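Good morning, and thank you for the time.

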Amino acid sequence: MLDLDQPLLLMAGLRVSYIHAAAAFGVAALLLLAACLFLAWRAARRGREAEQASLARTQQVEQRLVELSGQLRSFADIVASRESHLARTLDQRLDLVARRTGDGLGQIHERLAVIDRAQRNITELTSKVVSLQEILSNKQARGAFGQARMEAIIRDGLPMGTFGFQASLSNGTRPDCLVDLPETGRKLVIDAKFPLEAFSALKAARSEGESRMAAQRLRQDVAKHIKDIAGKYLISGETHDTAVMFVPSEAIYADLYEHFEDVIQQAHRARVIIASPNILMLVVQTLQAVFKDVRMREQAGLIKAEVAAILDDVGRLHDRVLDLKKHFGQANQDIEKIAISADKIARRGVRIEQMELSPTAAGAEAPAGSAAVTGPSRMGAAGARLAAGE
């Protein structure tokens, strides 16, 4: 049998038996149990506190959720109203944009229509320019074009019968136009053919050498044409001393005067005037004034005769007015005499009306029948004085 008092170990002079060890173990177990119970209680307390805190937090969260729910509802209402307002605003803006877009599209369509018409006009103008180029590239067609422009200017400015186209001269030549100059019996020659090939070559030149060659050709062609006009159409006693070479383009005319002064001087020496459409119109207006002055001079004799006849008529009218004045003077004198006699008759009639004759006194003073004699005798005397012109 185990002896409990038997020492178990010896520590620092202290004998420890089994009983002591068991007691110490029991105390330790109790302390451990107490510690475990304390820890369990503390853990339970902490759990309750945590549960209460969790419950409080849960309540706070629920309250916050309720507040957030209200805020969300109000926010949803605000968002809905904002969306409605935004939708209305967008609808209005879209309607406005649609109207403006419609107006803009309408204006764009109108402008496109204008552009389309302009494009058609440009196309037509291009075709006309092409046809004009074709005309100018053909010598015969170019001559017909210049002839047509010259004829239009002449017909519009000069009276009929004073000009002729393609008329013959005494040497058998037929210039493009002849204008009859008044009082001189001569004719002004207008030539509408102009050498354009050299101008075309000059415009188409790509280098300085080509430009020089084209310019030299231009001088030669124009000089030859000037010489032909002077030699064919300037006839002494039949045509005017100066002829007109018509250039159907203002640009060519300006180019000539700007870059080919020697050609212009050569034309002046040959008594040939180079005229553009505007210059030809000025010539035509000058001829209009000349024709008008000639017509005025032709009518001067007739005007003088008519003025002399008018002066004779005025003299006769003056004599007749004097005669009429004399007649009116005599008539006025007769009327004045008649007025004097009428006044005298009127005064005497008034005096007769103012007489007061008593019948008794008249019968007492005059015998019977004397009054009948007195009245006629007075009327006879008054008639005698009236007849005498008193």
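**The sheet and its neighbours**

Let me begin at one pair of residues: Asp 191 stands opposite Met 245 in strand E6. Please note that this is a predicted model, in which local features need pLDDT of at least 70, side-chain atom pairs count only at pLDDT 80 or more, and totals for chains, interfaces and linings use all residues. Residues are numbered from 1 along each chain as its sequence is written, and side-chain values use heavy atoms, with hydrogens and water left out.

The chain has 10 helices and 7 strands. As for the naming, helices (H or I, at least four residues) and strands (E, at least two) are DSSP runs, numbered from the N terminus. Of the 390 residues in the chain, 19% are buried. Here, buried means under 20% relative accessible area, exposed means over 50%, and partly exposed lies in between, with a 1.4 Å probe and protein chains only. Among the contacts in the chain with a separation of 6 or more, 59% join residues 24 or more positions apart; a contact means heavy atoms within 4.5 Å.

In what order do the strands of the open sheet run? The order is E3-E4-E5-E6-E7, 5 strands with mixed pairing. Two strands count as paired if DSSP finds at least two bridges between them. Strand E3 (163-165) and strand E7 (272-275) stand at the edges, each with a single partner strand, so one side of each has no neighbour in the sheet. From one strand to the next, the twist averages 20°.

E3 pairs with strand E4 (residues 177-180) in the antiparallel sense over 3 bridges, and Phe 163 has Val 179 of E4 as its bridge partner. Val 179 also has a bridge partner in E5, namely Leu 188. E4 and E5 are antiparallel as well, with 4 bridges. The hairpin of E4 and E5 has 6 residues between the strands, and Glu 183 takes a positive phi near 70° there.

Is strand E5 (residues 187-191) enclosed or open? In E5, 4 of the 5 residues are buried, so the strand is largely enclosed by the rest of the structure.

**The loop between E3 and E4**

Two residues of this loop deserve attention. Asp 176 lies in the loop between E3 and E4 and is buried, with a relative accessible area of 3%. Leaving aside neighbours within four places in sequence, Asp 176 is in contact with residues including Gln 147, Met 150, Gln 166, Asp 191 and Lys 193.

Gln 166 is found in that loop between E3 and E4 too. Most residues other than glycine have a negative phi. Gln 166 has a positive phi of about 55° although it is not a glycine, and Gln 166 is partly exposed at 33% relative accessible area. Arg 271, in the loop between H6 and E7, likewise is not a glycine and has a positive phi of about 60°. Its relative accessible area is 45%, so Arg 271 is partly exposed.

**Helix packing**

Two packed helices are described by the angle between their axes and the distance between the axes. Axes are lines fitted to C-alpha atoms, for helices over the stretch in contact, and angles run from 0 to 180 degrees between N-to-C directions.

Helix H5 (residues 250-259) and helix H6 (residues 261-269) have axes that come within 5 Å and cross at roughly 100°. That makes H5 roughly perpendicular to H6; under 35 degrees counts as roughly parallel, over 145 as roughly antiparallel, 65 to 115 as roughly perpendicular and the rest as oblique. The contact is made by Leu 256, Tyr 257 and His 259 of H5 with Glu 261, Ile 264 and His 268 of H6.

How does helix H4 (residues 208-233) pack with H6? Their axes are 10 Å apart, at an angle of about 10°, and H4 and H6 are therefore roughly parallel to each other. Arg 219, Val 222, Ala 223 and Ile 226 in H4 meet Asp 262, Val 263, Gln 266 and Ala 267 in H6.

**Cysteines**

Lastly, the structure holds 0 disulfides, a disulfide being a pair of cysteine sulfur atoms within 2.5 Å. Cys 36 is partly exposed, at 42% relative accessible area, whereas Cys 177 is buried, at 0%.
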